[in-house]
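Q: Could we go through this protein together, one part at a time?

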Amino acid sequence: MERFDVVVVGGGLIGSSAARHLAEGGHKTVVVASPEPDDWSAHRGPFASHYDSGRITRVISADPMWAEVARRSIERYDDIAGRSGIDFHQPRGLAWLGINIEGAVTNSTERGGRARMVSPDWLYATTGIRMPTTPGLEAAYEGAPAGVVNPRRLAAAQLRLAERAGATIIASAADRVRSTASGHAVGGAFGEIEARRVLLATGAYGAELVGITLAAKRLLRTTLRVDMGPAPAMPSLILDPVDHPHIGDLYWNPPVRYPDGRVLFKVGCEIPNAPVAETVDDLARWFASDGDPVEADALLATSRALLPGADFRSWETVPCVITRTESRYPYLGWIDDNVAVAVGGNGSSAKSCDELGRLASTLFDESGWDDAVLDAAQFAPITR
Ligand SMILES: Cc1cc2nc3c(=O)[nH]c(=O)nc-3n(C[C@H](O)[C@H](O)[C@H](O)COP(=O)(O)OP(=O)(O)OC[C@H]3O[C@@H](n4cnc5c(N)ncnc54)[C@H](O)[C@@H]3O)c2cc1C
């Protein structure tokens, strides 16, 4: 049996990024990457958070850690796209509406991001977004490279580069991990492969393959995809808080092209007390559904008020899942003998997946995690 240094389980955003860094760093790497199901209602899992065509990218953040991993990732977008031949980034800018947001603007500008405070008049005249009248609400705008990334294409680009650097990609799900005399065997319908060490980058499926429960919640969320006719030019948006009884905040991606050729505007939100998937069967049931109609109505009403000039022609709802860790930071670290995790996107990791994958890959280097700014302790996995 061919033996690998590292098996990465999961070829989503963080797993594909980690695999690229591992392979380009000289590790003999294999990735077990379950492909996106054709028919969600008939599929039992695993599912992913990245089955979409748009994710916001930005440096601006109230938290310096998130700003830092975003900056480092965004700086490498051109290299990843150029070398892979897969474009995934559209620098359309980002509007950020919130309360006490000057610190977030500073976190951007200190890292070369192009965020600045703007007036409601500027916002409306430039983007068509009407500022809500929530007391204390302020507006900032971050220019390019803030905007949108296509998560499917970003993962595909990373896997292409990983493969080019020598990684083996197995497009299948792993259903078991067992320890062997010299490492671990990972098995599935593809048979079994052996590697000295394992990186679980399994998103909402956490560490259940090795029987360890991480302190993380799988939040079941609904997004709305809207056909606006000829796509208006607009930036990505984050609005927090939202003055609506059912939703806490709101974000959107400007209209982007989906694989079926349609150009759709995508809106999502945080809701207080979001439903949680306790089991993988709960996840499968959720992905077979149309999501939560109450959440969808709230998204529609709020977006319409923000975009008074837009033409909302038709829309559909799409279920999705967000993995929220107890620390609110991704878990990047060892959880067992030669088994590490890189999970816990917290709804914010698409844009920053390249740096999160790189940090995870350094766990497998001889020198280990050695970062002058980001402390490994921040990312330590918490188990139950
Ligand atoms: C609706 C929505 C909107 C979001 N918006 C943004 C945004 O605007 N900006 C942003 O930065 N982030 C955003 N995010 C978050 C971002 O998409 C996630 O943080 C990111 O996808 C996490 O990457 P991941 O690799 O941990 O998980 P995933 O991308 O879910 O990938 C995990 C992969 O592991 C695979 N897998 C699991 N178990 C197995 C197994 N046993 N064998 C083989 N493969 C397995 C899955 O199939 C999947 O492909 C959003 C998320 C959602 C759901």
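Predicted model: local features only at pLDDT ≥ 70, side-chain atom pairs only at ≥ 80, totals over all residues.

Q: How does the span of helix 6 agree with its 14 residues?
A: Helix 6 covers residues 151–164, and at 1.5 Å a residue it should span 20 Å; its end C-alpha atoms are 20 Å apart, which agrees. The expected span is 1.5 Å times one less than the number of residues. Helices (H or I, at least four residues) and strands (E, at least two) are DSSP runs, numbered from the N terminus.

Q: Which residues of helix 6 are buried?
A: Pro151, Arg152, Leu154, Ala155, Ala157, Gln158, Leu159, Leu161 and Ala162 are buried in helix 6. A residue is buried if 20 or more other C-beta atoms lie within 10 Å of its own, exposed if 12 or fewer, and partly exposed in between, with C-beta atoms placed from the backbone.

Q: New topic: which domains is the protein divided into?
A: Domain 1 comprises 3–51 + 151–213 + 326–379, and domain 2 comprises 91–146 + 216–325; the bounds come from an automatic or database domain assignment. Their centres, taken over C-alpha atoms, are separated by 28 Å. The contact takes 22 residues from domain 1 and 13 residues from domain 2, where contact requires C-beta atoms, placed from the backbone, within 7 Å.

Q: Where does the ligand lie?
A: Both domain 1 and domain 2 give residues to the shell around the ligand, so it lies between them.

Q: Which residues are closest to the ligand?
A: Of the 39 residues that surround the ligand, the closest are Gly10, Gly12, Gly203, Gly345 and Ser349. A residue is counted as near if its C-beta atom, placed from the backbone, lies within 6 Å.

Q: What about isoleucine 74: buried or exposed?
A: Isoleucine 74, found in helix 2 (residues 64–74), is buried because 25 other C-beta atoms lie within 10 Å. Not counting residues up to four places away in sequence, isoleucine 74 touches Thr57, Val59, Pro145 and Lys351.

Q: Last one: how many bridges join strand 10 and strand 11?
A: Strand 10 (residues 174–180) and strand 11 (residues 183–188) pair in the antiparallel sense over six bridges; pairing requires that DSSP finds at least two bridges. These strands form a hairpin with two residues between them.

Definitions and conventions
Residues numbered from 1 in each chain as written. Contact = placed C-beta atoms within 7 Å.
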